[in-house]
Amino acid sequence: MTDTRAIALIAAAAIVTALIRFLPFLLLGGRRKTPEYITYLGKVLPYAIMGMLVVYCLRGVTPLVWPHGLPELLAVAAVAGLHLWRRNTLLSIAGGTVCYMVLIQFIFK
Amino acid sequence: MNRNLLKQVVIKTIPVMTGYVVLGFGFGILSENAGYGFWWVLAMSVFIYAGSMQYLMVSLLTSGASVISTALATLMVNARHLFYGISMIDRYKGAGAKKPYLIFALTDETYSLVCHGDTPEGVNPHLYYFLVSLFNQIYWIIGSLLGAVVGSAVTFNSAGIDFAMTALFVTVFVEQWLTAKNHIPAVAGVCITVICLVIFGGDLFLIPSMILILAALSLGRPVFERKESGGGAAAELPDASGLPEQSAAYDTRERSSRHD
């Protein structure tokens, strides 16, 4: 691929990404008063989106094939458990990640 | 702006720092190995600034994809960002000159830090959001450039370290669960996405999931509004934007922010 072509592809990805991010603000952000429906969505969407993002991150899991998503399941449980216990974001993330690395590198090889 | 605020921003963004340096590093190695080194990595991390899209970008570049298919792939992979905008419209209102960058830099990870709307007391929320967004992008750029420059020299087995990002979202999910009075939106988000993943498969499930989540939340509105989905910080925020830019008040929050 020529450099010009590569630049064109990167520009396309950058422009489309920015358009997606700006679109809601362009369509709805201009009004002085945000429609109540959008305010409502702003309140409930974060909960639903975080659930969606967790599933999105785990989309590569194969429950029907070994290791049946066990490393992910155990590591997610570790993160949630740590967080319920200490409610310390850093501890939950670091603990869960180390747990996952040990699981996939040594136990579920 | 002062040191105290910067310190709070750093503490708040450490989880993303960890995740972004690691994931950016992975992207840098991948891109460098595919023949797109330092300057290409820098350009992509500055201008595209979307993690999973940049990983995909490397394969698009090496497979000789067309501009149209690149644009379509971007649309599919990043459509979820539409949701972030919808839920940040009120909170980013009145951000002035910072607003374009706030919107441009609204990645999954930045969204997970700004969506609850909890800002340190006495700090202009828009300044705080701006610094969180900016720091996160800087972490991403540094991580990806490190990957491009020293990636091949690393011998430590880092398999699985990218789980840091999943862990961040799980943490935010649990945190929201603890603060919300109404758990139906969270449960709906998980269940609908899982069902769509099973039906549509790993490449196509996001857009149907988004449509169904939107439909479910819209249909449930009369019920949810009566229940007042607690913890939704959007309701508390509008007044906060009038706060002075600097104040000693946020000193008291310094310690508690670790547990945020």
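This is a predicted model: local features need pLDDT of at least 70, side-chain atom pairs count only at pLDDT 80 or more; totals for chains, interfaces and linings use all residues.
**Chain contact.** I looked up the residues that join the two chains. I found 77 residues of chain B in contact with 61 residues of chain A. On the chain B side, helix α9 (residues 163-179) gives the largest share, 13 residues. I then sorted that side of chain B by class: 49 residues are nonpolar, 22 polar and 6 charged.

**Domains of chain A.** The assignment lists domain 1 (1-43) and domain 2 (58-109). I noted 33 Å between the C-alpha centres of these two domains of chain A.

**Helix α2 of chain B.** I asked which residues of helix α2 (residues 38-47) of chain B are buried. They are B:W40, B:V41, B:M44 and B:S45. Just after α2(B), I noted B:Y49 with a positive phi of about 45°.

**Nonpolar core.** The largest nonpolar core has 103 residues, and those touching the most other members are A:A13, A:A48, A:V54, B:I48, B:M57 and B:F169. Helix α2 (residues 36-57) of chain A gives the most to this core, 13 residues. Domain 1 (1-43) and domain 2 (58-109) of chain A each supply at least three residues to the core.

**B:I48.** I set aside neighbours within four places in sequence and listed the contacts of B:I48. In chain A they are A:I10, A:A13, A:A14 and A:T17; in chain B they are B:M53, B:Q54 and B:M57.

Methods
Residues are numbered from 1 along each chain as its sequence is written. Chains are lettered from A and ligands numbered from 1 in the order in which they are written. Two residues are in contact if their C-beta atoms, placed from the backbone, lie within 7 Å. Helices (H or I, at least four residues) and strands (E, at least two) are DSSP runs, numbered from the N terminus. Ala, Val, Leu, Ile, Met, Phe, Trp, Tyr, Cys and Pro count as nonpolar, Asp, Glu, Lys and Arg as charged, and the others, Gly among them, as polar. Domain bounds come from an automatic or database domain assignment. A residue is buried if 20 or more other C-beta atoms lie within 10 Å of its own, exposed if 12 or fewer, and partly exposed in between; C-beta atoms are placed from the backbone. A nonpolar core is a set of buried Ala, Val, Leu, Ile, Met, Phe, Trp, Tyr and Cys residues joined through C-beta atoms within 7 Å.
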